[in-house]
Amino acid sequence: MSSGRIRVLGPRDLGEGERERWRALRAASTAPRNPFMEPEFTDAVGLVRPRARVAVVYEGREPVGFLPHERGRLGRGQALAYGVSDAQGAVLAPGLGLNADELMRAASLSSFAFDNLEAEQGLLVPHAAAEYTAYVIDVEKGYETYESVLRAQSPKFLKTTLAKERRLGRQVGELRFVFDERDPAALRTLMAWKSAQYRRTGRRDRFAQPWITRLVHTLHETRAPECSGTLSVLYAGDRPIAAHFGLRSSTVLACWFPSYDTEFAKYSPGLVLHLRMAEAAAGAGIGLLDLGRGAAEYKDSLKTGEIPVFEGAWTRPGVGAALYWLGREPSRRAHHFVRSRPRLAATAARVLKGAGRLRRS
């Protein structure tokens with residue numbers, strides 16, 4: 001499929017020259033080098049999502065832009081792994097004379113939905129309907145500096161968490177932290193914990209969707225300088241008690257799926273895990289942990305800053321755009337209405353937890 005200087009390819013059809021150009025453009029970007037925006041993530045999604053595509057923009061024979069996406073019926077498009085990926089958008093050379101209409105029409109899209117669009121995406125931010133906050137941990141100056149920040153902004157939190165960590169080691173077993181665990185059994189354990197957590201809190205179980213499970217397993221085996229699946233596990237003795245799976249580049253650890261064994265909840269093992277992840281990331285030269293969009297108490301305790309992400313869609317008149325609006329916009333607006341009102345959000349969370357308990361009973 002092509003339109004002038006834009007071609008639409010499957011991920012596996014990209015040549016190595018195009019992939020190298022993609023990486024070079026990403027390296028030159030002012031945005032944090034989030035691994036979700038690398039070609040290896042697109043490759044992994046392409047293995048489990050047959051509608052994955054990449055619109056490639058050329059100047060002559062030189063590739064100068066890439067838009068990973070998925071295309072559905074009637075040209076309804078969405079960001080790659082929509083609803084799961086934590087960073088989305090196009091990878092474009094600066095100063096490229098291109099507008100969203102030209103790009104989307106060349107890709108035969110009637111709409112293009114996104115829910116974690118990067119703030120630097122000037123091509124698409126004007127089409128955003130809502131802005132959200134993603135929380136980050138800055139460890140650029142080392143873990144000791146990060147701890148000193150926590151000590152200043154959340155002294156009780158840090159003191160309590162470190163005390164729980166020591167007590168966990170004394171009462172359960174000697175603690176051992178593995179930043180990059182390769183044992184697939186540990187990944188299966190994390191998925192089981194996370195599925196139980198989704199059900200317990202009344203939320204949709206992402207791992208009940210086979211493609212997401214396959215994607216995570218594929219990414220766990222992915223080893224590339226700017227996109228490596230990273231499973232971090234906190235053990236007490238030989239027993240895993242908290243774990244996290246995410247992606248890392250040379251400078252960013254994108255936090256994705258954290259969970260823990262609820263038997264040890266009184267020790268706050270998830271918080272202990274995140275502190276050790278921050279320490280290991282800093283030791284590996286990673287400067288930023290991206291905790292992702294969505295308010296959570298643990299994020300408020302751990303964060304050092306915030307960055308904006310955007311949700312919305314580019315649409316053009318037609319049946320596909322109308323179907324996008326009918327299918328997504330009312331629920332998005334309802335979600336934004338609740339999230340912007342803390343008391344209502346707290347009530348909604350209680351209702352979800354109650355629904356989760358009813359499903360388990």
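A residue is called buried here when its relative accessible area is under 20%. With that cut-off, 53% of the 361 residues of the protein chain count as buried in this predicted model. The protein chain has eleven helices and 14 strands. Much of what holds these elements in view of one another spans the sequence: among contacts with a separation of 6 or more, 74% join residues 24 or more positions apart.

Which residues of H5 are buried? They are Phe-157, Leu-158, Thr-161, Leu-162, Lys-164, Glu-165 and Leu-168. Seen down the axis of H5, these buried residues fall within an arc of 155°, so they line one face of the helix. On the face of H5 turned away from the buried side sit the exposed residues Lys-156, Lys-159, Arg-166 and Arg-170.

The buried residues of H5 have several packing partners. Three of these are helices, namely H4 (143–153), H8 (269–283) and H9 (297–302). The others are the strands E9 (175–178), E10 (228–236) and E11 (239–248).

Ser-268 has a positive phi of about 50° although it is not a glycine. Most residues other than glycine have a negative phi. Is Ser-268 buried or exposed? Its relative accessibility is 16%, and because buried means under 20%, Ser-268 counts as buried. Ala-81 is another residue that has a positive phi without being a glycine, with a value of about 55°. This alanine is found in the loop between strand E5 (76–79) and strand E6 (91–92). Ala-81 is buried, at 0% relative accessibility.

Arg-33 lies in the loop between helix H1 (16–28) and helix H2 (39–48). Arg-33 is buried, with a relative accessible area of 14%. Its side chain makes a polar contact with the side chain of Glu-38, at 2.8 Å. Beyond its neighbours within four places in sequence, Arg-33 is in contact with Arg-23, Arg-26 and Ala-27, with Glu-38 and Glu-226, and with Ser-249, Thr-251 and Val-252.

Ser-110 is located in the loop between helix H3 (100–106) and strand E7 (111–118). This serine counts as buried at 7% relative accessibility. A polar atom of the Ser-110 side chain lies 2.8 Å from the backbone oxygen of Leu-74.

The largest cavity has a volume of about 100 Å³. It is lined by 15 residues, and those nearest its centre are Phe-36, Pro-68, Leu-80, Ala-87 and Gln-88.

Technical notes:
Residues numbered from 1 in each chain as written. Predicted model: local features only at pLDDT ≥ 70, side-chain atom pairs only at ≥ 80, totals over all residues. Heavy atoms only, no water. Buried < 20%, exposed > 50% of the residue type's maximum accessible area, 1.4 Å probe, protein only. Helix = DSSP H or I, 4+ residues; strand = E, 2+ residues; numbered from the N terminus. Arc of directions from axis to C-beta. Contact = heavy atoms within 4.5 Å. Polar contact = N/O pair within 3.5 Å; in protein donor to acceptor, adjacent residues only side chain to side chain. 1 Å grid on protein atoms, 1.4 Å probe; cavity = no way out; pocket = protein on both sides within 12 Å on 5 of 7 lines; lining within 4 Å. Points joined across faces, edges and corners; volume = space filled by probe spheres on them.
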